[in-house]
Amino acid sequence: MGSKALSGVRILDMTHVQAGPTSSQLLAWMGADVIKFENPTGDITRKQLRHDPNKDSLYFTMLNSNKRSIIANMKSKAGCEIFEALLKKCDVIMENFGPGVLARFGYTWEKIHEINPAIIYASIKGFGSSGPYSDYKAYEPIAQAMGGSMSCTGFPENPPTITGAQIGDTGTGLHLAIGICAALYHRTHNGGVGQEVEAAMQESVMNLCRVKFRDQGRLMGGKGALAEYSRPTLGLTAVPRAGNDSGGGQLGNCIPCKPFGTNDYVYLVVQEANWPIFARAIGDEALVTDERFATLAERRKNQNTLWKMVADFAKNYTKTEFTAYCNEKNIPCGPVLSTEELMTDEHARHRQMIVKVEGHPEGDYWTVGMPVKMSEGIVDKITPAPMLGEHTEEILKEVCGFSAEKISELKAGGAFEVPAKKKK
């Protein structure tokens, strides 16, 4: 057993695109040996959205660091032999295929459990493996649409809007990682027997939208109102799009600052306890007792007027200056930071959330760092994503115990060849 949180845990990672690789990468950063099992053509994202037509895409490299890659053609008997050998040596198998894909290769959960009774079968599905939607195809925007997020994101006068954060894909990967860790703990304390773990994209989005379901209950079928919203909600039977309203117990909104570019905004929260301080900061003593804003209920009712007053005050500041001004007075405020700004942000660099990955054969690249901080147990550095099949021979020798002669035999059997296309 090594010093990392998941040292000794070996994961057979058959996932592709974003949700699954996000999950397995987190586990790799905690020390698990993640073996990325790819067909000979590789994860489809190696070629998607390339910044250089001759290199693996950043889409792939940013989601697959600290893993090893092995290729195998499961449409060949030799490829299936490799798959089964790895099943026997791994603690977890992860996949995000459509429902029934592995079963069509002959590998149902029952068969996998028979090969290795201790293995944990972890899968990501769009809508789960059962139910009316189970055969629907899911992508990030579809998960957001069907999980409730889009209906309450954006402004009421505009169409439903997807979020910039990938709550469907990456959010589901986080949920699956938690489930895998729980299943490993359960196995340790319950006779060493594995189990199935499933995370569905729609359900993960619903979980991340739980405060909106709180508000759904508060509407009471049209009899209740959401007083914190800047627009009337009495009579509504579904949670509306709230624009930049905070949607919480404290008032908040997005405020423009000079020089009034695309992202020259701050998000500011007016705390109940801090109202006198806030009022003096943007106005004078008269504003503290102004009957339009003297109580939280009145501030909610007149918040559009309040936000105009704040904007008139903030227009003399840049977003950085206004953030500093507010935080000096203990008023919650933060600038809207673009992806470009975050790439060089001092705090993000200090927290190692923007990391330069060095040593990739195709060149160094920048990536988002490990979001879970632990005093012990994570990898010492983020290592490059693997080239396609880079570790095939290494894994077959080290994990499966195959000899050079056996590997040559598997090669002759078509284990590493691209499957021939079926004639139409």
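Tutor: Lys397 and Glu393 both belong to helix α17 (residues 392–398), where four residues, about one turn of the helix, separate them; helices here are DSSP runs of H or I with at least four residues, strands are runs of E with at least two, and both are numbered from the N terminus. The model is a predicted one, in which local features need pLDDT of at least 70 and side-chain atom pairs count only at pLDDT 80 or more, while totals for chains, interfaces and linings use all residues. Residues are numbered from 1 along each chain as its sequence is written, and side-chain values use heavy atoms, with hydrogens and water left out.

Lys397 forms a salt bridge with Glu393, with 3.0 Å between the closest N and O atoms; the term denotes a side-chain nitrogen of Lys or Arg within 4 Å of a carboxyl oxygen of Asp or Glu. Lys397 is partly exposed because its relative accessible area is 41%, and Glu393 is partly exposed because its value is 45%. The classes are buried for under 20% relative accessible area, exposed for over 50%, and partly exposed in between (1.4 Å probe, protein chains only). Salt bridges with shared partners also join Arg10, Asp33, Arg68, Glu394 and Glu398 into one network.

The structure holds 25 salt bridges, among them the pair of Arg187 and Asp91, whose closest N and O atoms are 2.9 Å apart. This pair links distant parts of the chain, 96 residues apart: Arg187 is in helix α7 (residues 169–189), and Asp91 is in the loop between α3 (77–89) and β4 (92–95). Both Arg187 and Asp91 are buried. A further salt bridge connects Glu285 to Arg280, with the closest N and O atoms 2.8 Å apart. Glu285 is partly exposed because its relative accessible area is 47%; Arg280 is likewise partly exposed, because its value is 42%.

As for the chain that contains these pairs, its secondary structure comes to 18 helices and 11 strands. Of its 424 residues, 46% are buried. The C-alpha trace spans about 85 × 50 × 45 Å along its principal axes. Among contacts (heavy atoms within 4.5 Å) between residues at least 6 apart in sequence, 65% join residues at least 24 apart.
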